[in-house]
Amino acid sequence: MELLIKNIRACDPQTGLDGITDIGIDGGKIVSLGKTDEHAQRVIDAKGKLCALPGLFDMHVHFRDPGLTYKEDIITGANAAKAGGFTGVACMPNTKPPIDSPEGVKYVFEKAKKTGIDVFPIACVTKGMKGQELCDYDALKAAGVTAISDDGRPVENAELMRQAIEKTNENGLIVTSHCEDLKIINGGIINKGEISEKLGVKGMDRASEDYITAREICLAMSCNARVHICHVSTKDSVNIIRAAKKDGVKVTCETAPHYFTFTDEKLLDRDADFRMSPPLRTEEDRAAVEEAVLDGTIDCIITDHAPHSAEEKADFEKAPNGVVGLETSLAATLTKLYHSGKCGLDKIAEIMSVNPRKIMGLEPIKIAVGERCDLCIFDPDYEWEVIPAELNSKSKNSVFKGTRLKGKVMYTICRGKLVFEL
């Protein structure tokens with residue numbers, strides 16, 4: 001066989017696997033699972049210290065390609081993903097031009113062939129992301145798209161959004177919604193509250209997120225269709241989604257590690273690297289988001305990996321929103337949730353690998369004989385400090401800069417090939 005990983009703790013909630021084992025890999029697939037002395041071209045001995053999860057999947061990244069590749073491109077973005085244990089990502093379409101046609105979808109798929117991992121384009125809800133006319137969803141699906149979004153901005157016209165949800169329900173796609181009311185935000189740049197007042201800057205009222213979250217759920221109910229809520233950050237949005245799920249609404253949602261790790265107090269130093277949309281909120285919100293991850297209200301963890309240049313981030317009040325996150329996501333989640341004893345590795349696998357693929361309508365990745373071999377192999381006890389200059393992303397705007405995290409990806413395997421090795 002090509003590769004044998006010995007004495008590794010493998011965890012996969014889909015199969016009930018959780019224990020020390022050997023994993024034999026050949027021809028892109030797992031060919032043996034269990035103690036073995038078979039010969040392999042390469043042997044990695046985990047010595048019982050390393051863990052393996054099904055390859056991680058991030059259903060919400062911005063690779064800025066085409067058109068904004070000075071920030072990131074599909075190759076560099078994929079390199080960051082591999083270093084974070086991801087064997088698949090889904091790219092948001094707010095590129096230049098936006099991905100709103102089969103030709104744009106083809107561009108992403110073609111360039112992604114060089115990355116060694118899966119890169120799926122998410123296409124626009126509306127043509128040019130202008131919020132005026134729906135894209136041709138049948139053509140986009142035929143090109144390989146499974147989800148649509150105007151992420152980066154909301155679809156302001158509620159009836160147009162209702163039509164989008166209805167039409168995607170008919171052809172098996174899913175809408176992922178950026179929940180902000182731009183009129184409520186009205187130029188705000190951080191969470192509206194004590195910190196924005198102290199800094200003397202305009203705040204983003206939480207009602208902007210809560211209102212559109214509730215709107216999308218109502219629209220999905222009216223169509224009896226699915227909808228996915230992006231980057232949840234407020235206590236009230238969590239409560240709205242939790243209640244909707246109890247009522248049988250077909251709603252799923254996501255959050256990012258920074259929303260259950262930090263609060264808007266990180267903005268007191270006027271550092272634009274801590275500005276993103278939606279913004280960091282209060283401790284009450286942070287705790288509510290964490291609880292929602294743990295109780296299953298929030299289905300998956302994403303990064304909303306949003307690279308910007310140092311020049312763009314230099315001015316606190318004028319800088320664009322967004323932070324990079326692919327290389328810190330697993331470590332931050334392990335640090336905050338696993339090492340605190342709040343959840344096990346099975347939960348991490350569920351929210352960072354299993355659920356995102358399920359929501360996107362993709363084939364599951366399992367640690368089982370005969371299955372395609374995608375693995376995230378990490379040392380859960382490896383402590384490290386996030387140094388932006390050492391990140392693989394072109395941009396270094398990390399909200400975790402200077403933070404000590406516990407957990408580090410050692411190897412990433414996609415289709416049986418080592419695509420990253422620390």
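Visitor: Why is F109 called partly exposed?

Guide: In this predicted model, F109 has a relative accessible area of 26%. Buried requires under 20% and exposed over 50%, so F109, at 26%, is partly exposed.

Visitor: What makes F57 and F120 buried?

Guide: The relative accessible area is 1% for F57 and 19% for F120. Both residues are therefore buried, as the cut-off is under 20%.

Visitor: Why is the pair of F57 and F120 called tilted?

Guide: A search of the whole structure finds 3 aromatic pairs. In the pair of F57 and F120, the ring centres are 6.1 Å apart and the planes stand at 45°.

Visitor: What makes the pair of F109 and F120 edge-to-face?

Guide: The planes of F109 and F120 are 85° apart, with 6.4 Å centre to centre. An angle over 60 degrees counts as edge-to-face, so the label applies. F109 belongs to helix α2 (residues 102-112) and F120 to strand β8, 11 residues apart. Ring pairs link F57, F109 and F120 into a cluster.

Visitor: How do you know that K408 lies over the face of W384?

Guide: K408 is at 3.5 Å from the ring centre of W384 and lies over the ring face.

Conventions. Residues numbered from 1 in each chain as written. Predicted model: local features only at pLDDT ≥ 70, side-chain atom pairs only at ≥ 80, totals over all residues. Heavy atoms only, no water. Phe/Tyr/Trp six-rings, centres within 6.5 Å; stacked < 30°, edge-to-face > 60°. Buried < 20%, exposed > 50% of the residue type's maximum accessible area, 1.4 Å probe, protein only. Helix = DSSP H or I, 4+ residues; strand = E, 2+ residues; numbered from the N terminus. Lys NZ or Arg CZ within 6 Å of the ring centre and 35° of its normal.
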